[in-house]
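Q: Hi! Could you walk me through some helix packing in this one?
A: Happy to, let's bring it up.

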Amino acid sequence: ATYSGHERVVELLIRHGAEINLQSSIGNNALMLAAQEGHERVVDLLLQRGAEINLQRSEGGTALMYAARSGHERVVELLIRRGAEVNLQCSDVGNTALMNAAGNGHERVIDLLIRHGADVNLQRTDGGTALMFAACYGHERVVHLLIRHGAEISLLNIDGSSVLMIAARSGHERVVELLLQRGAEINLQSSISNTALMLAAQEGNARVVDLLIRHGAEVNLQS
């Protein structure tokens with residue numbers, strides 16, 4: 001009922017003893033499903049009836065993380081207003097609500113999370129950041145928004161890759177250009193000595209290769 005947004009049915013079930021915080025075998029509960037699907041009135045009802053707002057799934061996901069991933073701005077705002085912790089991380093890989101929103105290009109949700117204290121430079125267990133997620137999927141406007149709010153382009157993930165390397169490997173020319181304009185180190189090498197140019201070349205991203213060379217990438221560096 002919560003997944004489909006049937007508010008009256010949800011209220012009826014609760015009145016007849018349905019356990020609000022009961023979790024499935026993988027940790028889903030009614031609040032998470034309603035938040036994921038953007039059912040604001042059902043989310044509000046569940047919270048009024050005592051749903052635990054920061055309850056986590058088996059891998060650590062929360063209602064806020066799922067609402068953010070799906071881009072449900074009004075649900076995100078409601079959850080934050082009722083006490084959802086914006087910087088909670090999944091226990092498996094360390095994702096946050098901001099990372100989920102960034103990877104899916106939800107600008108308004110990102111802006112909302114940041115205004116309520118989301119840490120733009122928080123890193124996953126593998127070192128990934130919200131900025132890296134946005135760059136990987138080519139969300140140029142999100143990359144710009146995150147940088148404007150203090151996202152560090154110099155942070156590296158666990159294998160020493162930078163956000164520029166990630167964007168170059170993924171072939172996102174406009175994101176690469178934006179990062180270069182913001183001072184990304186073009187000839188930085190990862191822990192296995194790859195550069196942004198090498199990664200773009202390996203993936204056959206000719207336009208990115210051309211862009212990097214025009215901006216001074218060294219073509220004779222060795223990995």
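Predicted model: local features only at pLDDT ≥ 70, side-chain atom pairs only at ≥ 80, totals over all residues.

Q: Great. At what angle do H2 and H3 cross, and how far apart are their axes?
A: Helix H2, residues 30–37, and helix H3, residues 40–48, cross at roughly 155°, and their axes come within 8 Å.

Q: Parallel or antiparallel, then?
A: Roughly antiparallel, since angles over 145 degrees count that way. The crossing of H2 past H3 is left-handed.

Q: Which residues meet there?
A: From H2 you have Ala 30, Leu 31, Ala 34 and Ala 35, and they meet Val 42, Val 43, Leu 46 and Leu 47 of H3. By class, that contact has 8 nonpolar residues, with no polar and no charged ones.

Q: Nice. What about H5 and H7, what are the angle and axis distance there?
A: Helix H5 (residues 73–81) packs on helix H7 (residues 107–115) at about 15°, and the axes are 9 Å apart. Because angles under 35 degrees count as roughly parallel, H5 is roughly parallel to H7.

Q: Is that crossing left-handed or right-handed?
A: Right-handed, as H5 passes H7. On the H5 side the contact is made by Glu 73, Val 76, Glu 77 and Ile 80, and on the H7 side by Arg 108, Val 109, Leu 112 and Leu 113.

Q: How do those residues divide by class?
A: The contact of H5 with H7 has 5 nonpolar and 3 charged residues, and no polar ones.

Q: Changing topic: where is Asn 157?
A: Asn 157 sits in the loop between helix H9 (140–148) and helix H10 (163–170).

Q: Buried or exposed?
A: Buried: its relative accessible area is 17%, and under 20% counts as buried.

Q: Last one, H11. Which of its residues are buried?
A: In helix H11, residues 173–181, the buried ones are Val 175, Val 176, Leu 178, Leu 179 and Leu 180.

Q: What do they pack against?
A: The buried residues of H11 pack against helix H8 (130–136), H9, H10 and helix H13 (206–214).

Q: And what comes just after H11?
A: Gly 183 is there, with a positive phi of about 95°.

Methods: Residues numbered from 1 in each chain as written. Heavy atoms only, no water. Axes fitted to C-alpha atoms, helices over the stretch in contact; angles between N-to-C directions. Helix = DSSP H or I, 4+ residues; strand = E, 2+ residues; numbered from the N terminus. Parallel < 35°, antiparallel > 145°, perpendicular 65-115°, else oblique. Left-handed = near helix turned anticlockwise from the far one by under 90°. Contact = heavy atoms within 4.5 Å. Nonpolar A, V, L, I, M, F, W, Y, C, P; charged D, E, K, R; others polar. Buried < 20%, exposed > 50% of the residue type's maximum accessible area, 1.4 Å probe, protein only.
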